[in-house]
Each structure stands twice: as C-alpha cells, then as structure tokens.
Amino acid sequence: MRNVSPVFPLLPLSFGVFQAVARFNFESTVNDFSLDSFNSACSSLASQISIPNATLNFSQPVIAGTNLTFPSRNTTCVTINGQAPSVTVPVDICRVALFVSTSDRSGINMEAWLPMNWTGRFLSTGNGGLAGCIQYSDMIYGSALGFATVGADNGHNGANGEPFLNNSEVLEDFVYRSIHTNVQVGKEITKEFYGTPHNKSYYFGCSTGGRQGLKSVQDFPEDFDGVIAGAAGNNWNNLMSWFDYLFTVTGNSSSPTFIPVEKWLGLIHSDIMSQCDLIDGVQDGIIEDPDLCEYNPDGLICRDGSDPSSCITAEQAQTVKRVFSPFFFDGKFAFPRVQPGGESAAWTPMLLGGDVVSFSADWFRFAVRSDPNLDPHTLGEADWELAQQLDPFNISTLKGDISAFKEHGGKLLTYHGQADGLDSPIMSEIYYRHVSSTMNLVNTDMDEFYRLFRISGMSHCSSGPGAWRIGQSFFGDVSELGGDNLSPDRNILTAMVRWVEEGIAPETILGRKFVNDSDELGVEFSRRHCRFPLRNTYDGQGDSTKPESWSCQ
C-alpha cells in the first residue's frame, strides 16, 4: 500500500523535456513503486482483477513519450468530434481498457490511465456532442497531474446518433449511465491497482461533458467531491430544438432570409463591435458582458445605390433580430438567444450556415422520431414539443434541487464562454438562478458550494478573442503541465482541488490569451474572470491588457 500525499506533487516525470517544466509547487508524493514494480503490477492487473459484467481487454504499461493510436475508434471521432488521431503520453501510466456490459444490448468501452506518480485523486472525464469518443486530451491532462483518470465512449463508438435508434439502453448510457458506470468501475480498478482507495474524486468536462457533470451532481451526488462543468449542454431537448429553430429563421442559401456566413463573420460582427465593444470601456474586440448588448442591425439595411456586399436587406435584418432574440414556442420560453459576439466563432457555419445542425438532425432522427429517413428540414413545433415530452431519462438535466450534493460537501464549478456561438452562455446563468431559487439560497449561500465563471471572449469551451486559456483542457504544449500554469489562481482544475481539499474557493480565474493562440509566441494579455453575478469592469485607467486594471463589481 502506498503512502499518498493529500496535495499536488512535484511530478518527477521520465519523458525528456517534461522533466524541466512539469513541476507543481506543492509537496511531493511519496511513492513505493519502482519503474519495474509498476510495470509488473500493471502487466498482471488484467489477469488478477475481476469486475462484474466487465471484460478486461488489456492492462499495459505505457512509457512516457509513447505515441498512442486508436485503431478501433470510429473515424468520426476525428472528422466530426475534432479529436487528434494520436496522442503522446507524457508520463508513465498503466493503461487499462475494458468493456462493461450495461444490459443485454448495451455497454461501454472505457479506459483507466493510472499514473505511476499517483496523488490519491480520482478524475472522470466527459464527452462532447453526441459523441461516443473518449477524450484522450483530458486523459493526458489528468494522468499527467497525478490523477487516476478514466474516460468512456458514452455507450457507442462514433460521433453520430445512429446507435440510439430503437435502443433505449444505448440512449440510457448516453444520458447518464456511461459516466456513472465509468466512475464506479474506475474507482474499483484504482483501489485494486494501488492497494488503497482514492482520497478525493473529481469530474472534468465541457459541452456535453458539462451536462454530464451536472447530471452527476443532480442524480449521483456522492460520485464526486468536485465537479467542473463547462458550457453545459443542459436544457438539452430545447437546445436540440433551438438548433433546428435557427434553421427556420435563416432558411437555406436560396431563401431571402438567409445571410451568407462571410457577412456574419465580417459585416455584422463589425457592426456589433461598433455598437457594443465600448460598453465595458475598452475597445479590444471583446464584449466583456454581452448581456448588456442590445444590438440593432437596422443601420446595415441597404439604401438606394448601396453596394450589396456592404449591406443587408430588410428581411435579413429581421433574421439578425430573431437570431439575437430568445426562442419561444407554444407561447413559452424555450432557450435563450445567441449572444452578440458569438457570431464570429468557428461554429457559425454550422449554426447559421443554412442547414440543420448535425447534432439536432441526428437527435430527432434516431432518439425522438426513430426514423432514420426523417428529413430534418421538415421539423417544427410538433417535433420540438415531442422532444420535450419524451425527455428520455431526464436528459434535460434541469433539476434545481442539488441539496444532496451540497450536503455531501461537494463543490460545483461551472464556466461558460461569453462568445459561445454554439450554446448560449445565458443558459448557465439561468440554471444558476434556478438552483438558487429552488433551494432558496442567496448568492453568498451559493458561493459556499456553487460558482459560475463567465469567460469573456471565449468561444465554445476554448478559442476566441478573449483570455480563454484557464486550464480547462490539455492543448498539447508541455508547458501547460508545469510552473505557473498550474497555479490555482489561473487553472480551473487546480482551483477546484484547492477548494475541495483546502477550503479556499476561487474568487476569480485568471485567463490568458496567447499570441495567435500559440504557446510558443507568448502571452498577449491576461484578464481575471469574475464569479457570477459579479461583472468584470475596467477601472478607466491603466493598461487594459493587465488584469489589475479590471475589478469585479
């Protein structure tokens, strides 16, 4: 049995350049594994451990610096879900792969990455979109920082919804069971391998992964001590309907209501910035709080003699106004608006490009209507209403009473990019207020266990014009795993660890913007992001690229 330190270790990594950079400024882990004994224990694990309903495919030591490929992974995990075709593992790990049956017609493929330099912490990772794709970048991140880290394929292999067709068991895995099973099995594997149970348990995910984190908080309050849920895709049914609704607003490329993507990215975005960029007192291409932006596109309407490339029609102006207005159907609020500033994101061609978003099309084909031949362009209010009524396994993930998680001592940290063009960041504010109202808690009460950070200029989970790097994933540069990058003041994962284990809650998260988003080119500017409902405000003097020129008010 190993003697496990309760705080982050110095990481004595064996992979070349990582030796110099991957240092965290806390106490080192005491570890009785030699490399030989670690490799031996790993190689024999699959033959020695027995888990009900599970088939262990292999357990194998992976030496730091090894490049892993995934030949059995569906190609859509790369082409649609945007994952790298291969990854380089930065630390010595024991990689365990297994299949866990969840019914007679469903099951999950999962992996556990068990680092040689274990801190006693457990970390579960999430997924994205409709994807049945293990997020290996998060597996790298967690295991490199000494977490026993697990990930699963959400009960199906690939980034589309076809496996949901006429199989409620696979759908149940997707909604919640994959994550919960992954946690239960992963904790058992961790205990068996290290000879002692974990000390603290964490969750880390964004988008669908954010929804999965909230689902765990709501339905399995004892699974985690700390949950990080970014850009959570809750209010799921109406989110899928909102994607379809936006197509009814824009029409296809031949419709008079349609606006070409290049006009959204150029003409309209520039006009929004001219109206709203200075609301926060600084003209920097970032709308610090887009809730304050009430954009009016009428000034872009073509006049007699106007160059059509530099203006829009009156019908197109109405399209813009509808995009930047909440979604209602059957006389009821369904989903918030696209936030001004988010139209410049890389997601714009998907969201406003004259077609139904693929996530939505697949959801209605395979989960709502059970008709693989369904034409998503024909969807309307009857379909949106049906999706709400079905709400399979409560995928809406809107439960407001999370008192069991609070009483367990759990901490919930959510974040949402304010330039998110795929999932309106207003939804995270709505859910925060919903919990506050349901549990009858004022903001100071909420601060004890639930904090929301609004990240200005961040697109969906990452990228964008703002200071969006907050330690929310591993983006492939070795420097992310060491030095100041792991400071709890600027890293959302280590901030959560400090909150859970030392009782020090994050007041702000320092985000950074790298020149051309390249670590090699250095930091362009930094900004502290405030916890909701505080608003980041420029003090009116000093260098606006410096975080000390801003304050939370």
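How do the axes of α7 and α12 cross, and within what distance do they come?

1. The axes of α7 and α12 cross at roughly 170 degrees and come within 9 Å. These two helices are therefore roughly antiparallel (an angle over 145 degrees). Axes are lines fitted to C-alpha atoms over the stretch in contact, with angles from 0 to 180 degrees between N-to-C directions.

2. This is a predicted model, in which local features need pLDDT of at least 70 and side-chain atom pairs count only at pLDDT 80 or more, while totals for chains, interfaces and linings use all residues. Residues are numbered from 1 along each chain as its sequence is written, and side-chain values use heavy atoms, without hydrogens and water.

3. On the α7 side, the contact (heavy atoms within 4.5 Å) is made by Asn237, Asn238, Ser241, Asp244, Tyr245 and Thr248, and on the α12 side by Trp384, Ala387 and Gln388. Of these residues, 3 are nonpolar, 5 polar and 1 charged.

4. Helix α11 (residues 358-368) packs on helix α12 (residues 381-390) at about 60 degrees, the axes lying 11 Å apart. Phe364, Ala367 and Val368 of α11 meet Asp383, Trp384, Leu386, Ala387 and Leu390 of α12. This contact comprises 7 nonpolar residues, no polar ones and 1 charged.

5. In helix α9 (residues 314-323), Gln316, Ala317, Thr319, Val320 and Val323 are buried (under 20% relative accessible area, 1.4 Å probe, protein chains only). Viewed down the axis of α9, the buried residues fall within an arc of 150 degrees, so they line one face of the helix. Their cover includes α7 (236-250), α8 (261-276) and α10 (348-352).

Key: Helices (H or I, at least four residues) and strands (E, at least two) are DSSP runs, numbered from the N terminus. Ala, Val, Leu, Ile, Met, Phe, Trp, Tyr, Cys and Pro count as nonpolar, Asp, Glu, Lys and Arg as charged, and the others, Gly among them, as polar. Buried means under 20% relative accessible area, exposed over 50%, partly exposed in between (1.4 Å probe, protein chains only). The arc is that of the directions from the helix axis to the C-beta atoms. Angles under 35 degrees count as roughly parallel, over 145 as roughly antiparallel, 65 to 115 as roughly perpendicular and the rest as oblique.
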